[in-house]
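I opened this notebook to keep track of what I looked up. The entries follow the order in which I checked things.

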Amino acid sequence: MSKLNLKSGLIIGDGARSFEIEKVTNDMIYIRGSQENKPLRFIPVRLINILIDALNDNKITLEDISRNYRSENQLPHLFDELQINLDKYILGYDSTIKKICEYIIENPLTLSEGRKLYSLSILLSKPFLLLAGISGTGKTRFVREQAKLTGAFNDTYCLTSVRPDWHEPSDLLGYISRLNGQAEYVTTDVLQFIAKAWRGIADAGLSIETRLVDKQGERLVVSGERDALENIKPYWLCLDEMNLAPVEQYFADYLSVLETREWHWEGDDFTYSCDALLKPATIQELNKDSKHELRK
């Protein structure tokens, strides 16, 4: 998933063995030989990603690409995540792939930097992205790579595997338990991760408070300046195999909150507001139980 520094019409190589970059998408590089009647071919961007990363880490050389990549015994770990028929792409492509890698290395914008620029330019209409595709196509990997770009992967990434028996929000957002005779809120990894993201907002110097908003009741409000907002790292929550359970049931509370978000800008100053993910009634119920225990 990269924005390569390879443009349509670019000729790579010399003479009869040169080829033209016909098109570059997020997934494929489409190439055609410079001679007439050469068929259009394609190479997965993921394959080039892995090769460039390995070259940058000194795990392989350009010569290795030409010599060894037809052998199943040579550096197989580089291709484990591809889960594709490598012969379909490698056989007869060694020199072409090598030339693409040479071009990227020799130009100031490397593939890794291109991937970073593409990732940072992603604009979502909502902070919720659905990735569809068969198993092994790199959906979870894509989210991990976005989180790595923050430079604080352990803090900004959370992977949660959805279970088929999830039918209400407590599996994600926690629940009140009275097993010990006193009400306590049992949290989940997801809820703790969301709380960590809110702490990141507070640490950036933005104001967080609850306000009574006209005709909307009490809402959570964040305010501050654009510079502080842009310095906040994105946090990536990955719900793996989320279609195993009915999304509209276990994810209902979060989806509802998405529809309440509002942004207001005045120059470089902003105000953001939304409904609370945990309803005030839940917190009040805990407070009531705590007061009851104190009276005892």
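What share of the residues in the protein is buried? I found that buried residues make up 33% of the 296 residues. Buried means under 20% relative accessible area, exposed means over 50%, and partly exposed lies in between, with a 1.4 Å probe and protein chains only.

Entry on the source. I am reading a predicted model, in which local features need pLDDT of at least 70 and side-chain atom pairs count only at pLDDT 80 or more, while totals for chains, interfaces and linings use all residues. Residues are numbered from 1 along each chain as its sequence is written, and side-chain values use heavy atoms, with hydrogens and water left out.

Entry on the whole protein. I looked up the secondary structure and found 13 helices and 12 strands. These are DSSP runs numbered from the N terminus, with helices (H or I) of at least four residues and strands (E) of at least two. The accessible surface comes to about 18,200 Å², and 49% of it belongs to carbon and sulfur atoms. Such areas come from the Shrake-Rupley method with a 1.4 Å probe; for residues, only the protein chains shown count as cover. I then looked at contacts, meaning heavy atoms within 4.5 Å. Of the contacts with a separation of 6 or more, 56% are between residues 24 or more positions apart.

Entry on salt bridges. How many salt bridges does a search of the whole structure find? I noted six. The term stands for a side-chain nitrogen of Lys or Arg within 4 Å of a carboxyl oxygen of Asp or Glu.

I took Asp268 and Arg226 to begin with; they form a salt bridge whose closest N and O atoms are 3.1 Å apart. This pair links distant parts of the chain, 42 residues apart: Asp268 is in the loop between strand S11 (262-266) and strand S12 (269-274), and Arg226 is in helix H10 (residues 226-230). Asp268 counts as partly exposed because its relative accessibility is 49%. Arg226 is also partly exposed, at 31%.

Next I noted that salt bridges with shared partners join Arg141, Glu145 and Lys148 into one network. Within it, the closest N and O atoms of Glu145 and Lys148 are 3.3 Å apart. Glu145 and Lys148 are three residues apart in helix H6 (residues 139-148), so about one helical turn separates them. Lys148 has a relative accessible area of 38% and is therefore partly exposed.

I also looked up Arg163, which forms a salt bridge with Asp165 at 3.1 Å between the closest N and O atoms. Arg163 is partly exposed at 47% relative accessibility, and Asp165 is partly exposed at 42%.

Entry on a charged patch. Which residues form a negative surface patch? I listed Glu225, Asp227, Glu230, Glu266 and Asp269. Patch residues have over 30% relative accessible area and no salt bridge; like charges are joined within 9 Å, and nonpolar side chains (Val, Leu, Ile, Met, Phe, Trp, Tyr) within 5 Å. Lys and Arg count as positive and Asp and Glu as negative, with His and the chain ends not counted. The place of a charge is NZ of Lys, CZ of Arg, CG of Asp or CD of Glu. Glu225 itself is in strand S9 (residues 217-225).

Entry on Glu241. I checked the backbone here and found phi near 55°, a positive value in a residue other than glycine. Most residues other than glycine have a negative phi. Glu241 sits in the loop between strand S10 (236-240) and helix H11 (247-250). Its relative accessibility is 39%, so Glu241 counts as partly exposed.

Entry on Val45. Is Val45 buried or exposed? Val45 counts as buried because its relative accessibility is 0%. Val45 lies in helix H1 (residues 45-56).

Entry on Gly13. I located Gly13 in the loop between strand S1 (11-12) and strand S2 (19-24). Gly13 is partly exposed, with a relative accessible area of 31%. Leaving aside neighbours within four places in sequence, Gly13 is in contact with Ser18 and Lys99. Gly13 and Thr96 are 83 residues apart in sequence, and their C-alpha atoms are 8.7 Å apart.
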